[in-house]
Amino acid sequence: MSGLIDQIEPWKQAALAELRAAQALPTLEQAKGNWIGANGKFTALMKQLGALPKEEKPAAGKAINAAKVEIEAALVERRVELELKAALPKEPTDFTLPGRRRAL
């Protein structure tokens, strides 16, 4: 098998690590672009498929697509986590403070 196929698993692990490490939505979107965006590494791998010997193309294409599916699932999961985190109040509510009375 070619070096292209050998890159898929390490790149997938690096992409998943980068997505999971993103602390904010802009960082997450940047990581997405680095890996599966128009100029991403996996997009570049797909473009290299044409240079592979005919018998290697199906396995390589399948491996790249499987990695992209896994990366996209991790992206969606992390986006949901970050959106929930962004929606939370910045300071925790102290329920031990005295309440406010309404005017009658």
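This is a predicted model: local features need pLDDT of at least 70, side-chain atom pairs count only at pLDDT 80 or more; totals for chains, interfaces and linings use all residues.

User: How far apart are the end C-alpha atoms of helix 4, and what span should its residues give?
Analyst: Helix 4 covers residues 57-87, which is 31 residues. At 1.5 Å a residue, the helix should span 45 Å. The distance between its end C-alpha atoms agrees with that, at 45 Å.

User: Which helices do the buried residues of helix 4 pack against?
Analyst: Start with the buried set. In helix 4 it consists of Ala60, Gly61, Ile64, Ala67, Lys68, Ile71, Ala74, Leu75, Arg78 and Leu82. Their packing partners are helix 1 (3-21), helix 2 (25-36) and helix 3 (41-48).

User: Which element gives the largest share of the largest nonpolar core?
Analyst: This core has 22 residues, and Leu4, Leu19, Phe42, Ile64 and Ile71 touch the most other members. Two or more residues come from each of helix 1, helix 2, helix 3 and helix 4. The largest share is seven residues, and it comes from helix 4.

User: Is Ile8 buried or exposed, and how far apart in space are Ile8 and Ile64?
Analyst: Ile8 sits in helix 1. Its relative accessibility is 6%, so Ile8 counts as buried. Beyond neighbours within four places in sequence, Ile8 is in contact with Phe42, Leu45, Ala60, Ala63, Ile64 and Ala67. Along the sequence Ile8 and Ile64 are 56 residues apart, yet C-alpha to C-alpha the distance is 6.5 Å.

User: How are helix 2 and helix 4 oriented to each other?
Analyst: Two numbers describe a pair of packed helices: the angle between their axes and the distance between the axes. Here the axes of helix 2 and helix 4 come within 10 Å and cross at roughly 175°. Angles over 145 degrees count as roughly antiparallel. Therefore the relation of helix 2 to helix 4 is roughly antiparallel.

User: How many charged residues are in the contact of helix 2 with helix 4?
Analyst: Helix 2 contributes Leu25, Leu28, Glu29, Lys32 and Ile36. Helix 4 contributes Lys68, Ile71, Glu72, Leu75, Arg78, Arg79, Leu82 and Glu83. By class, these residues are six nonpolar, no polar and, for the charged group, seven.

User: And helix 2 with helix 3: what is their orientation?
Analyst: Their axes are 3 Å apart, at an angle of about 15°. Angles under 35 degrees count as roughly parallel. Helix 2 and helix 3 are therefore roughly parallel.

User: Arg78 is in helix 4. Is it buried or exposed?
Analyst: Consider its contacts, with neighbours within four places in sequence left out: Leu19, Arg20, Ala22, Gln23 and Leu28. The relative accessibility of Arg78 is 13%. Buried means under 20%, so Arg78 is buried.

User: Lys12 lies in helix 1. What separates the C-alpha atoms of Lys12 and Trp35?
Analyst: Lys12 counts as buried because its relative accessibility is 11%. Outside four places in sequence, Lys12 is in contact with Phe42, Ala67, Glu70 and Ile71. Lys12 and Trp35 are 23 residues apart along the chain, and their C-alpha atoms are separated by 8.6 Å.

User: Which residues does Ala31 touch, not counting those up to four places away in sequence?
Analyst: Ala31 belongs to helix 2. At 0% relative accessibility, Ala31 counts as buried. Ala31 and Glu18 are 13 residues apart in sequence and 6.5 Å apart C-alpha to C-alpha. The residues touched are Glu18 and Leu19.

How values were computed. Residues are numbered from 1 along each chain as its sequence is written. Side-chain values use heavy atoms; hydrogens and water are left out. Helices (H or I, at least four residues) and strands (E, at least two) are DSSP runs, numbered from the N terminus. The expected span of a helix is 1.5 Å times one less than its number of residues. Buried means under 20% relative accessible area, exposed over 50%, partly exposed in between (1.4 Å probe, protein chains only). Contact means heavy atoms within 4.5 Å. A nonpolar core is a set of buried Ala, Val, Leu, Ile, Met, Phe, Trp, Tyr and Cys residues joined through side-chain atoms within 4.5 Å. Axes are lines fitted to C-alpha atoms, for helices over the stretch in contact, and angles run from 0 to 180 degrees between N-to-C directions. Angles under 35 degrees count as roughly parallel, over 145 as roughly antiparallel, 65 to 115 as roughly perpendicular and the rest as oblique. Ala, Val, Leu, Ile, Met, Phe, Trp, Tyr, Cys and Pro count as nonpolar, Asp, Glu, Lys and Arg as charged, and the others, Gly among them, as polar.
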